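Hi,

Here is the structure I said I would pass on. Have a look at it first, and then read on for what turned up.

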Amino acid sequence: MASTTCALLLLGVAPPASSVPSGEGPVAMPVRSGTFGYRANARGDSRVVGATAKPPFKKLWQRDLGSVVSAPVAVGGQVFAVVNADQGDEGGPRMELVGLDAATGRSLWPQRFLTSRPNATVTYGGGLLYTQTMDGQVRAWDPATGTVKWTVELGNGFCQYPPTWYADVVYAQNGRGTAFALRADTGARLWEAPLVENGFAPVLVDEEGVWIGFDNLAYQRLDRATGKELRRYDRPDMSGGGGNPTASGDGALWLRNSFADDSNVVAYDRRTGAVVRKLPADATPAFGTGRVYVANRGVVKALDTTAGYATRWTYTSPRQAATVRLVAGGHVYVADGSGELVVLEEQTGKRVWSYRLSAEPHPMENVVAESDWRGWTVPGLGTAQGRVFAPAQDGFLIAFGDA
């Protein structure tokens, strides 16, 4: 289908000859750059290839969408998010899917109700949006009209992260020990596979398979076509609910844990499974060309992966908490625990722009690096077509563009 070709191009993967449409009508132009889900893409590396946004920025618009806004999905001239539309007077979350015109912030269609439980999420692939709720309901949506294309129930689970689209298949896990592959166009189940752990865990997908990791306790690599287990790592006599996001970058799978004071990230070679690196970290790394960005206790280090992980520059948060949200267009976007969005030059670490997204925390408040304000949905930033989209305090979504 045309959607396969487009999405493989945006992921930097050449489509097989059999996937190129013939005699099927007009072919959609590929989306070459954007933020397609939590941590930007199917690899979870926070890197946006081909991004064109260049600071300094000016505010283009802002929308009050409720009490919290998810990591935005930015595709072409549109931006999408899951929001908690409850302003605090309904006794619980009211999670809704929102579609906006990226240039003006105007609604594309009325907000669509998802669930009255927290942790609903959204991602994009092949021309459709995909949402997943905490209780395991996955839906496909037409981004132009906000209409539902299909719905699949994965069973009552414990889901925090969105599904992942790759090459016309949607991959998900239900938090109860089962992974799933669904046809992206119909939702038909292609396979399901048992997992070594239960609980929160994102699903990463690349040409080598489906990767699911539970902190630094366990991970599995599954065959994309069949769900067959290709590799397993499982720490004996230890179990946990996971929850920390994983990432694939620099030829490794990166698993982060936060056991007591032992906060670190461990890199496992994707080919052999061997441990290749262990670094102190209280946030999941992000990746650029020849770089990995690691944050611990508010110090972000730019490590050169071509020179033995030498430190090229550092950024230090005044609140000892920071997370790298995006690496895009030659810049590194840091969510500082002080409440500021800070943009740094990727090569030098020079601070080139900042904006306060939330109030300065109380001096006695315990600020956690990788978290959101209310725990209702995954946080993050989005960028497409020269714009940056940032969730802000009290449920605002703000768009920035050329100053």
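To get your bearings, where does E346 lie? You will find E346 in the loop that links β31 (340-345) to β32 (351-356). Please keep in mind that this is a predicted model.

E346 is a curious one: this residue is buried but makes no salt bridge. Its nearest side chain of opposite charge belongs to R291, 6.0 Å away, and a salt bridge would need the nitrogen and the carboxyl oxygen within 4 Å. Setting aside residues up to four places away in sequence, E346 touches G288, T289, R291, Y293, W313, V327, G330, H331 and V332.

Now the overall picture. The protein chain has 403 residues, and 59% of them count as buried. It holds one helix and 35 strands. Among contacts with a separation of 6 or more, 48% are between residues 24 or more positions apart. The chain exposes about 15800 Å², with carbon and sulfur atoms supplying 49% of that.

How far can you trust it? The mean pLDDT of the protein chain is 89, and 89% of its residues reach 70 or more. Residues 1-29 are another matter, with pLDDT below 50, although this stretch has 36 contacts in the model beyond near neighbours in sequence.

Next, the nonpolar cores. The largest has 18 residues, and F57, Y333, L341 and F400 touch the most other members. The elements giving two or more residues to this core are β29 (322-328), β31, β34 (387-392) and β35 (396-402). Of these, β34 provides the largest share, three residues.

Is G395 buried or exposed? G395 is buried, because its relative accessible area is 0%, and under 20% counts as buried. G395 and V68 are 327 residues apart in sequence, yet their C-alpha atoms are 4.0 Å apart in space. Apart from neighbours within four places in sequence, G395 is in contact with R63, D64, L65, G66, S67, V68 and V69.

Cheers

Notes:
Residues numbered from 1 in each chain as written. Predicted model: local features only at pLDDT ≥ 70, side-chain atom pairs only at ≥ 80, totals over all residues. Heavy atoms only, no water. Helix = DSSP H or I, 4+ residues; strand = E, 2+ residues; numbered from the N terminus. Buried < 20%, exposed > 50% of the residue type's maximum accessible area, 1.4 Å probe, protein only. Lys, Arg positive; Asp, Glu negative; His and termini not counted. Contact = heavy atoms within 4.5 Å. pLDDT = per-residue confidence, 0-100. Core = buried A, V, L, I, M, F, W, Y, C linked by side-chain atoms within 4.5 Å. Areas by Shrake-Rupley, 256 points an atom, 1.4 Å probe, with all protein chains shown as cover.
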